[in-house]
Amino acid sequence: MNIEVDYIIVGLGLAGIAFTEQLLKENKTFVIFENNSQTSSLVAGGVYNPVILKRFNAVWNGHQQIQTALPLYKKLEKKLNIKLDYKFSIKKAFTSIADENNWFLALDKPTLLNYMNPKINKEKIKGIVGDFGFGTLDNTGRIDTTLLVKSYRKYIQSLGCLFLSSFEYDALHISDDIVKYQHIKAKKIVFCEGFGITKNPFFNYLPLNEVKGESINIHAPELDIDFLLKASIFVMPLGNDCYKVGATFNWTDKTCNPTQEARQELEDKLKKIITVPYSVISHTAGIRSTVNDRRPMAGVHPKHNALVVLNGLGTRGVMIGPTVAKNLFNHLEKGEKLDKEVDIKRFM
């Protein structure tokens, strides 16, 4: 049976979900191919925070991204009947007096006033090493990306739009205004494959870096914190005395297998920032897709107008994904100019 749709989407991680929501909102028809090979969305911390805590700088368009993203996740909570948004503050453990001075300097940046608390926390926090105090970020939190991805795939499957199979590039037939794949004809195909795009013959020229990240989940009943602790690594509350601890960065290992070396690295760092006992209950790994200029990659193929890419969301995918997906959809359907900072034309 032949199928004719507006869009084919390849990949249903955070990028694919954000773009699919645009299609549903505008009553566009689509099918999605997903082979479960990309795990970055499943292992992501899902934190939304517009402040780069290493340098106390604002994330590019971070405040605006959050304003776009949170209403989408609220809508998805209702649609999927799940809880996704867990709001908490973030406490940055200072390692020197210089950290405190830099925190106050950063408060002069208008966009950061919405998040950075001007009061430094000098009080000791049970179970945490914080000799120089803590800076607090408010209006932050996390999106449960694992639950989101799994629930959304079930939802799309219930619509009859999901094919759980690998996409065969050789089987794609391209003409000026349509693409054909197997029994499906579409006006456009959007590749949201994460690091899998390095094997995509149409977009593998894009400078995407593959970075392996690993994290552990721990059980620490005596820690008892309801905020995310940021030091050399992060310790994020998950509820029921459980915490996510991460993350590592490995530029050479391209597998999704957890390693003993990474676990040891995380535990060595963890023992320097908490002073209470814990037990490791799980260990996960995934490949992040990042770009050198820390901007996503979106746009149309230089030779084939029907081929589109949405990729490279990086470590802040939950924040930036909805904004870029909306911009890309409006560019394709309504003639809106694509943000030059994300447009793949910057690599030509």
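**Entry 1: the cavity**

A cavity, as I use the word here, is a set of grid points where a 1.4 Å probe fits but cannot get out. I started here because rolling a probe the size of a water molecule over the atoms shows where empty space is left. I keep in mind that this is a predicted model.

How many cavities of 30 Å³ or more are there? I found one. The largest cavity holds about 40 Å³ of space.

Next I looked up which residues line the largest cavity. I wrote down Leu14, Ile17, Ala18, Leu72, Tyr73, Leu76, Leu148, Gly317, Gly321 and Pro322. Helix H1 (14–25), H3 and helix H7 (317–334) are the elements that give two or more residues to this lining.

**Entry 2: H1 and H7**

I checked the axes of H1 and H7, and they come within 8 Å of each other. They cross at roughly 45 degrees, so H1 and H7 are oblique to each other. I noted the crossing of H1 and H7 as right-handed.

Which residues make this contact? From H1, I listed Leu14, Ala18, Phe19, Gln22 and Leu23. From H7, I listed Gly317, Val318, Gly321, Pro322, Ala325, Lys326, Leu328, Phe329 and Leu332. I sorted the contact of H1 with H7 into 10 nonpolar, three polar and one charged residues. Leu14 and Ala18, on the H1 side of this contact, are also among the residues that line the largest cavity.

**Entry 3: H1 and H3**

Here I looked at the angle again. H1 and H3 pack at about 75 degrees, with their axes 12 Å apart. Angles from 65 to 115 degrees count as roughly perpendicular, and H1 and H3 are therefore roughly perpendicular to each other.

In this contact, H1 brings Ile17, Glu21 and Leu24, while H3 brings Leu72, Lys75, Leu76 and Lys79. I noted four nonpolar, no polar and three charged residues in the contact of H1 with H3.

**Entry 4: H3 and H5**

I followed H3 (residues 62–80) on to helix H5 (residues 145–158). Their axes come within 11 Å and cross at roughly 55 degrees, which means that H3 is oblique to H5. Is the crossing of H3 and H5 left-handed or right-handed? I noted it as left-handed.

Tyr73, Leu76, Lys79 and Leu80 are the H3 residues in this contact, and they meet Leu148, Ser151, Tyr152 and Tyr155 of H5. By class, I have six nonpolar, one polar and one charged residues where H3 meets H5.

**Entry 5: two backbone spots**

Last, I left the helices and looked at the backbone. A cis peptide bond joins Gly246 and Ala247, with omega about -5 degrees. I placed Ala247 in the loop between strand S15 (242–246) and helix H6 (260–270).

Where does Phe56 sit? I found Phe56 in the loop between strand S4 (51–52) and strand S5 (57–58). Phe56 is not a glycine, and yet I noted a positive phi of about 60 degrees for it.

Notes: Residues numbered from 1 in each chain as written. Predicted model: local features only at pLDDT ≥ 70, side-chain atom pairs only at ≥ 80, totals over all residues. Heavy atoms only, no water. Axes fitted to C-alpha atoms, helices over the stretch in contact; angles between N-to-C directions. Helix = DSSP H or I, 4+ residues; strand = E, 2+ residues; numbered from the N terminus. Parallel < 35°, antiparallel > 145°, perpendicular 65-115°, else oblique. Left-handed = near helix turned anticlockwise from the far one by under 90°. Contact = heavy atoms within 4.5 Å. Nonpolar A, V, L, I, M, F, W, Y, C, P; charged D, E, K, R; others polar. 1 Å grid on protein atoms, 1.4 Å probe; cavity = no way out; pocket = protein on both sides within 12 Å on 5 of 7 lines; lining within 4 Å. Points joined across faces, edges and corners; volume = space filled by probe spheres on them.
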